[in-house]
Amino acid sequence: MTVRAGALDTAAPRVPAVGRRRSAEARLGYLMVAPAVLLLILLIAYPFLMSLYMSLTDEYVGTPGRFIGLGNFVYLLHDDVFRQTAINSVLYTVVAVGVKTVLGIVLALLLYALPWGSRLFRGVILLPWVIPTALSTLAWWWMYTPPYSVVNWMLMRLGVISQPILWLSDPAWARIGIIVVNVWRGLPFYAITFLAGLVAIPRELFEAAETDGAGPLVQFRAIILPLLRPILSIVVMYSTVFTIADFEIVFILTRGGPMNMTHLFSTLAFQVGLVSTFIGRGAAITLFIFPVLAVASFFILRLVRAGEEYA
Amino acid sequence: MRKVTRRQFLRYAGAAAGAATAGPLMLAGRGASVRAAGAPTVTMIHWSHFVPSFNPLLERQVAEWGRRKGVEARVDFVSYADIPARIAAEAQSKTGHDIIMLRVFDAALYEGNLVPMDDVVADLERQWGPFRPLARYLDYVGGRWIAFPWYFWSFPCVINTAYWRKIGYGTENVAALSWEGLAGAAKQLSDMGHPVGVAVSQTFDADDGLYPLLWSYGGRTVDQKGDIVIDSKETADSIEYMKKLFPLMPREVLGWDDAGNNNLMLSGRGSWTPNPPSIWAVAHLKHLPIEGDFDHVPMPHGPRGRFRSTSTLSLGIWKFSKNIELAKDLVRYLASKPQYDQQVEASLGYNEPFLSRLADDPYWKQHRVLRFYEPPEETLEVPGWPGPAGRGAALTYNLFTIPLMYAKAVTGQMTTSQAIKWAEGELRKAYGKG
C-alpha cells in the first residue's frame, strides 16, 4: 500500500495552541542557554580537549609534536618526582579539606551561638576569603621567611619554641606551612556555608530535643549533623576540586621545594610544561587530577544521597 | 507603571543577553581595526632588574628610540622567575611582544620561532666586537645567530668584610681561598653567628652557586658530545665537601628562593654568599650603613680550577612579530655604546657586556668594590657547559637537578652515590639518553 504525503499531512493531528506556545518557549529556552553553552565550550571544553590532545604528543612549546599515545602517562608513572607530587597532592587535599571541615563546623556553631555582634564577626571572618590569594600568600611568605619571620618571633616570645621553625626549608614544616595557609584562606567559606545550613534548621527541633533531655552533643549528632550533611557534602566536594588544583599558595611560598616535597599537580605541570617547555608532558600531569577528582566526587555524592535518604 | 508580562520579560532579557555577549566582541574587533590603522607599537619584554635603577633607564631609552622613529615603543617588566613561562606562553599562542629576552639556552629552545639576527649581530660585532666566546656557544644555533647576546651577570662571592676581619682575613685573603679554606673559615664565622650561605634549593641561584663547586672539583654533568658523565669520583668529592659545609650554613638554604641569600647578607647576619653585585647595589641605592662592609671576591678554587657561573640575556625577535625591522633597529640602538654605557651605570656595573669593546667602560675600575666582578678572574661558564647548548641543558637547569642532587645528599635523604645515580637518571631523561 502506498500512501501519499498529502494524505499523511491531513491525517496528522493539529497542534493545539498551548502546544505551539510551549514549543516556542522551548526554542526561546535553548536560545537563552546558548550563550552559556557557548562560553562553556570555549572556556572549558576546548582547553580540555586541547590538553587531552597535547598529552598524547611529545610537543614542546612552539614546536609541533608527534603522537606518542600514552607515552607521557607511562613516563610519569615511573617518574620519582611525579610520584612524589601525587603523594603531596593527595596529602595536601585530604588534610586541608579535613581540617577546614572540622574547624568550619566549629566556627559556624560559635557564630550561631553568638549572643551579639554576629553580623560583625561574619564580616570579619570573610576577610581571608575576600583578599586576593596572591596578595595574602605574599604576606604569609613574609611571615614565614627567616630572618624576618613574625610567626617564629611570636612563637618564641610565647615560649612555644626555642629555635626558629624552618617553615619553608624543612620538608615537613613546608607541607604544614602551605596547609596552614590553605586552611586560613578556605575556612571562612566553610564556616559561612555551614552557618547558612544551621540557620535553616527549624528551631522547633532543638526545642523538642531539649524537652526530651538531649544535651548539646546529642543534638549535634542527631539533628545538626544529619541535616547539614547535604550542604557539608557539596562544600567538601567543591573544596576538594579547588584544593587539589591549588597553584598560587605553593607557587608563591615554596615553588615545589624543598626537594619537590610540596609540588602539587598544577605546580609541577607549570614547571614541566611552561618553564621547561615540555608542554605535552605538562598537559599529561594536569590530566592526572581528573581520576582523583572522579573518585572523590563519587564517594562524596554517595554521601549526599545517604544524607537525603536520612533527611 | 506599565506591567511587563513574563513573555515580554524573557524577550527583553534574551535581547539584553545577546547584546552583552556580542557587544564586547564587536567593540573588540573595532578596537583592533583602529589600532591596526595607527602607528605601529614595538614592544619588548625584560625582567624586572635586581638593580632597580636599571628599569627606568631602559624605559627611557626605549621611549627615546620610539620618538626618534616616530613610533610607539614600550618595555614590559616581569619578574625573572616568571620569564620562562611568559616566553613559553607567547611562543605557544604566537602572540605577545616583538622583542623578548632570552635566558641561557633559550635561543636553542625557540630556534624555530625566532627571526635570525645575523645582520644585527654582524653590524654590532664590527663596531664593538669581538664577542666573548660564550656568546657564540649560546646564540649561534644551526649556523645562524638566533639572538643577539646583549649582557650577562655572573656570580662571584659577596662578603661582609667586617666579619672576615674579625677572624683575621682581609679581602685579598678571602679572594685567594680554596673551598677547603672556606670551610675552615666558615666554622669560625658560624660560631660567631655570621654564617656563610649558598642556596641548596629549587631556585636559579642554587644552580649558579653549585655548578662552580662541581666544576672546580672536576665534575661535569655532560661531556662535549652530550654524554652523561655526572657519575664520577670528582662529583662525589664535591658532594662530600658540601656535606662538610652544609652544617655550617643556616638550614634555611634548603628552601631559599633567589632573594634568600640577599636577605641573609642585607640583614647583617651573613658573611659570604655567591651572588652578582645586586646585594651591594641595593645597599648602595638605599644608603644602608652596611654598604661599606660589602665587597666582592672570586669564587673559591678547587682541585681542578676556579669557575664562575653566569646568567645571560640575549634579545630575540619572534617570527610572528609584525615589526621585525623596527625591532632589529631597537636592538641595534640598545646595544650601541652610548646607550650601553648608561646601562652599565644604571645597573651599578651589574650588566657585563658580551662585546669586548663595550667592556672598556671605566665604571668597573672606578668602583673598587667591583674590581673582582669585571673582568672575572675565574673561568666563566654557564650551567650545562661543556655539553651542547639546547634542551637537555635547559631542562637540567630549570628542573634544578644539580641543586637537588646536593640537597638529597646533604640532608641524608640519599647517600652520595645514590644522589649521583638519581641525578644521572634525571640527566638521561633531560638529554634523551634514557
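In what order do the three strands of the open sheet in chain B lie? In this predicted model, the order is 8-7-9, and the pairing is antiparallel. Strand 8 (272-274) and strand 9 (294-297) of chain B each have a single partner strand, so they form the edges of the sheet and one side of each is left without a neighbour there. From one strand to the next, the twist averages 25°.

A closer look at the pairing begins with strand 7 of chain B, which spans residues 157-160. Strand 7 and strand 8 of chain B are joined in the antiparallel sense over three bridges. Within this pairing, Cys157(B) is found opposite Pro274(B) of strand 8. The sheet also has a helix lying across it: helix 13 of chain B, residues 278-285, covers strand 7, strand 8 and strand 9 of chain B. Relative to strand 9 of chain B, this helix runs at about 160°.

We turn next to the meeting of the two chains. Here 35 residues of chain A are in contact with 39 residues of chain B. The size of an interface is often given as the accessible area lost when the parts come together. For chain A and chain B, the buried area is about 3300 Å², with 58% of it coming from carbon and sulfur atoms.

One helix pair illustrates the contact between the chains. Two packed helices are described by the angle between their axes and the distance between the axes. On the chain A side, Phe270(A), Leu274(A) and Val275(A) make the contact, while helix 3 of chain B contributes Pro84(B), Ala85(B), Ala88(B) and Ala89(B).

Charged pairs complete the picture. Side chains of opposite charge can pair when their charged atoms come close. Over all chains, the whole structure holds 31 salt bridges, and two salt bridges are found across the interface of chain A and chain B. Asp82(B) and Arg255(A) form a salt bridge through their side chains, at 3.5 Å from N to O. Another salt bridge links the side chains of Asp80(A) and Arg83(A), at 3.2 Å from N to O. Both of these residues belong to helix 4 of chain A (residues 80-113), where Asp80(A) and Arg83(A) are three residues apart, about one turn of the helix.

Notes. Residues numbered from 1 in each chain as written. Chains lettered and ligands numbered in written order. Predicted model: local features only at pLDDT ≥ 70, side-chain atom pairs only at ≥ 80, totals over all residues. Heavy atoms only, no water. Pairing = 2+ DSSP bridges. Helix = DSSP H or I, 4+ residues; strand = E, 2+ residues; numbered from the N terminus. Axes fitted to C-alpha atoms, helices over the stretch in contact; angles between N-to-C directions. Contact = heavy atoms within 4.5 Å. Buried area = accessible area lost by both parts, 1.4 Å probe. Salt bridge = Lys/Arg side-chain N within 4 Å of Asp/Glu carboxyl O.
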